Amino acid sequence: MPRPRAFDERQVLQRAREQFWATGYAGTRMDDIARATGLGKGSLYGAFGDKSQLFHRVFDDWCTAVVEVAEGRLAGGPDAEAWDRLSAYVHLMAENTASDTERRGCLVAKGAAELAQHDPTVAGRSAETMTALLTLLQAEISAAQRHGDIDAAADPQRLAALLLTVVRGIEAVGKAGLDPETVRGIADTALAVLPRPEGRQRLASGRRTPASGD
C-alpha cells in the first residue's frame, strides 16, 4: 500500500503559490519551492510533478478562487439589488488593488502575461476565468436593466466587457504605481459612466436618486 502523505497538501500549494507570486514562473526554481514548503524536491515531484505541473495546479486553484470571489458578489438575487451587487464588486476589486502595498497584482494576470503565449494550459484556464467573470457581470447588468437602473437599450455584453476590462485594468495600473485614491476613483468613474435611463441618476456609491415623482 502507498504510504500516506506526511504533509498538508493545501498548505504546500499555498506556499508554492506565494513563491510563484513573488518571483514569477521563470524566476522560481524547484529549489525555491522546496525551501518555501519545507519538502524535499523528490517529495514535490512525487506529489505534484515538475515545476510546470505544480504551477498549473496553483494557477488553476487561483483561477477558481477568483471566480468564487466574483460569485460571492455577483451571485444573483432580486433585480432591485443588482446595481448594489455590481457596485460592491467593482469597489472590492479597486480596494484590493489599493491595499496591495507589495504591488504583486493578481496571479491570473501575472501568470497569463508570462506564460499564456507559450503555455496552452495557462492560456485556456485564463480564458475560462475571464469568460466566467464576463458571464457574471452580464447577468447582473441585465438584472439592473430590468429594474431600470441601467438603460435597457444598452448591450449588456458590451457593458460587461467594459467593466471586466476596468476591474482587470485597475490591477495593472495599481501594480505600476498609481496611487490608491486614483485607483478607487477609477471604480467610481466606471460605474458613473454606465448608461442610465432618462430621468434617473446613479451615484458611484450605488445609491439611486429618483427623479421627481419616481
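Which residues does Q19 touch, not counting residues up to four places away in sequence? Keep that in mind as you go through these close-ups. This is a predicted model, so local features need pLDDT of at least 70 and side-chain atom pairs count only at pLDDT 80 or more, while totals for chains, interfaces and linings use all residues. Residues are numbered from 1 along each chain as its sequence is written, and side-chain values use heavy atoms, with hydrogens and water left out.

**View 1. The whole protein has nine helices and two strands.** Helices (H or I, at least four residues) and strands (E, at least two) are DSSP runs, numbered from the N terminus. Of the 214 residues, 40% count as buried, meaning under 20% relative accessible area, with over 50% exposed and anything in between partly exposed (1.4 Å probe, protein chains only).

**View 2. Here's Q19, sitting in helix α1 (residues 9-23).** Q19 touches G24, T28, D32, I33 and A36, leaving out residues up to four places away in sequence; a contact is heavy atoms within 4.5 Å. Take A36: Q19 and A36 are 17 residues apart in sequence, and their C-alpha atoms are 7.1 Å apart in space. Q19 counts as buried because its relative accessibility is 18%.

**View 3. Now zoom out to all of α1, whose buried residues are V12, L13, A16, Q19, F20 and W21.** The cover over these buried residues includes α2 (30-37), α3 (41-48), α4 and α6. The 15 residues of α1 should span 21 Å at 1.5 Å a residue, and its end C-alpha atoms are 21 Å apart, so the two agree. That expected span is 1.5 Å times one less than the number of residues.

**View 4. K110, in helix α6 (residues 107-115), is buried yet has no salt bridge.** The nearest side chain of opposite charge, E114, is 7.1 Å away; Lys and Arg count as positive, Asp and Glu as negative, and His and the chain ends are not counted. Not counting residues up to four places away in sequence, K110 touches W21, A22, R104 and K175.

**View 5. L54 is one of the residues that touch the most other members of the largest nonpolar core, which has 56 residues.** Helix α4 (residues 51-73) gives the largest share of this core, nine residues. Such a core is a set of buried Ala, Val, Leu, Ile, Met, Phe, Trp, Tyr and Cys residues joined through side-chain atoms within 4.5 Å. Beyond its neighbours within four places in sequence, L54 is in contact with L13, A16, F20, M30, I33 and F48.

Technical notes: Salt bridge = Lys/Arg side-chain N within 4 Å of Asp/Glu carboxyl O.
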